[in-house]
Amino acid sequence: MSLIAVIDDDQDILEASTLILKARGFEVISANNPDDGYKIIKEQHPDLIILDVIMNEPDDGFFLAQKLRKENVTTPIIMYTSIAKATGLDFSSGGMIPVDEFVEKPISPDELIGKVEKFLKKQVEK
Amino acid sequence: MTEELKGHILIVDDEEALRTAVRRILELEGYKVDAAQNGTEGIAFGSAHEYDLALIDLKMPDINGLDVLKEIRKKHPNTVCYMATAYASYETAVEATKLGADGYILKPFSPDELLNSLNSGFEKRRWLLEAERLRKEREESLLEVAFERTRLKTIINSITDGVLVINKKGELAYFNQASLTLLDITYLPLGIPIIEHLPVEIGQMIVEKFFDIEKQTIAFSIEVSIKPENQLYIEATLSPISENDKSLAGVVVVLKNITEFKKLELLKSQFVSMVAHELKAPIAASIGFIDIMRQPGISITPEQKIDFLNRSHQRLQSLLFMINDLLDISRMELNKVTREIREVVVEETLSEVVNLFKVDIDKKQLSIGMPEEAGKHVIRIDQNEFMRIITNLVSNGIKYNRDKGSLTLQVKQDAYYTTVVIKDAGIGLKPAEKERLFSEFFRAKNEHTKNIHGTGLGLSIVKRIIEAYSGKITCESTYGEGTQFTLSFPIVYRLE
């Protein structure tokens, strides 16, 4: 059974994502701020991290991703954003933010599951 | 020509008879004549006035004629001087001309001899004057050119835009002070190959757009970061300088400081992404809940379903509030707010607003301190806007209060301001939170605020409104103890 950590400061989205993933049979741990997120990741070593950019606390989502990578945590990270389209920023190029994929919110349950399974499959192959 | 020039002649001679005779001859010819009876007087006359021609006796009792000539020449170098001498010899004649005389006349002379000599003297005078005129003209135009150059240099050096001129060989031909500042260089010698000293982007553009292309006629612009993190950002405009045949003579580079513009641009794009993020969050949450309810694979209880519907509704409701707030901000920014300014009694609005929140106040069992009704204060403001300000602050004071806490409202007045104080005994703000309190979308986030909803735009709007009335709003807060907002409005008068 794969363990997925979901970190989002939006309580509603956090709950919805958790429910969708659990319905699909994944084990889910969650946190609604980057500090708690860091703790659960370090303690429970999830197989995949779904991380929101968390705009209200500037750069906190980015910051957490960078911190994890610096500490050699190689767990795949899917980052939720809602700003790429608005700013025209292409997060995927340049490698400024060390995550594996950017996902624009909102995302349908099927899409979310699709992405998650893609990464977990890769993990198994490794 | 000579005939037409009936000039002004000075005779310097100690022999009265000769003076009289010469004067008569010349006056008959139409000349104007002055006569000096010795050398001293000759110098005085000849210095005071510029004569066309002077006829000076070489030998006078007081001063030698050659000295008189020298003195006159000092003052008027273009006066033609003829020496008159009675004991002419080759040597004296040579000496006289060597020392600057234009010619000599032997005494005694006939009127014809005199007039002939004077004619050639006048001829010479004409040439001298013409040469003088040309010299002056040349000096003047040189002066003008020099002046024009200094002036242009001063102008170009005084402007805040940088100007660099590069010749077709890529050498620096001219630069002004501002260009050094804008390129962040301390020194540039003229004549050096400049391309490599310029920021790479500018150098490349000069080579590609001008040097590599025979006859370039259009200008190009490029934005370049000189110091990182938006400390110095410039826009370089490169224009060709063309020869008459349209071939390239050089390139003039104008550098403009666009740092402030860039900062604004960044602020704007940050604001846009913040707005996008904030608008999308409630949509994403609602869609998330709806997706769950639609998905056959996910089973939820009827209670969960009602909860999700309520929460979706609430998120969409808050989205609507946010859009309205944003539209209000936009209207304020564009100065398109119509205000109906009239006298408003502060105390009346305060109690009106507090009454609106009676249910919430009772629910939290807050004790409310109201200002005394005795001395009423009046401010000039749009009633709706004032309601909005007070509603926002009172609502915050209740939302962020603790159970059985207190909310105190006061009205004060000094010589300049009518002041409203709204003080709660709530959860308070951390210093970092206080700093960002009035910025858009900021909402204090901690264990106490989890269940408090808001758009994050309220205080930003409050501040904008108050400032529109030349008022100010300040905040004092201690984390865990409470927050106090102080609103000051310029005074109108006090009701008696």
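Predicted model: local features only at pLDDT ≥ 70, side-chain atom pairs only at ≥ 80, totals over all residues.

Reader: Why is B:Lys404 called exposed?

Author: The relative accessible area of B:Lys404 is 63%. Exposed means over 50%, buried under 20% and partly exposed in between (1.4 Å probe, protein chains only), so B:Lys404 counts as exposed. The residue B:Lys404 lies in the loop between α12 (383-399) and β14 of chain B; helices (H or I, at least four residues) and strands (E, at least two) are DSSP runs, numbered from the N terminus.

Reader: What makes A:Asp10 and B:Arg315 a salt bridge?

Author: The term requires a side-chain nitrogen of Lys or Arg within 4 Å of a carboxyl oxygen of Asp or Glu. Between the side chains of A:Asp10 and B:Arg315 the N to O distance is 2.5 Å, so the pair meets the rule. Between chain B and chain A the count is five salt bridges.

Reader: Which elements of chain B give two or more residues to the side that touches chain A?

Author: These elements are α8 (259-294) and α9 (302-333) of chain B. The most comes from α8(B), with 16 residues.

Reader: What is the area buried between chain B and chain A?

Author: The area is about 2,200 Å², of which carbon and sulfur atoms give 58%. Buried area is the accessible area (1.4 Å probe) that two parts lose on being put together, summed over both. The contact (heavy atoms within 4.5 Å) takes 28 residues from chain B and 28 residues from chain A.

Reader: How do you know that β14(B) and β15(B) pair?

Author: Two strands pair if DSSP finds at least two bridges between them. Seven bridges join strand β14 (residues 406-413) to β15(B), in the antiparallel sense, so the strands pair. They form a hairpin with three residues between them. On its other pairing, β15(B) joins β17 (residues 482-490) of chain B over eight antiparallel bridges.

Reader: What makes β15(B) mostly covered?

Author: Six of the eight residues of β15(B) (residues 417-424) are buried.

Notes:
Residues numbered from 1 in each chain as written. Chains lettered and ligands numbered in written order. Heavy atoms only, no water.
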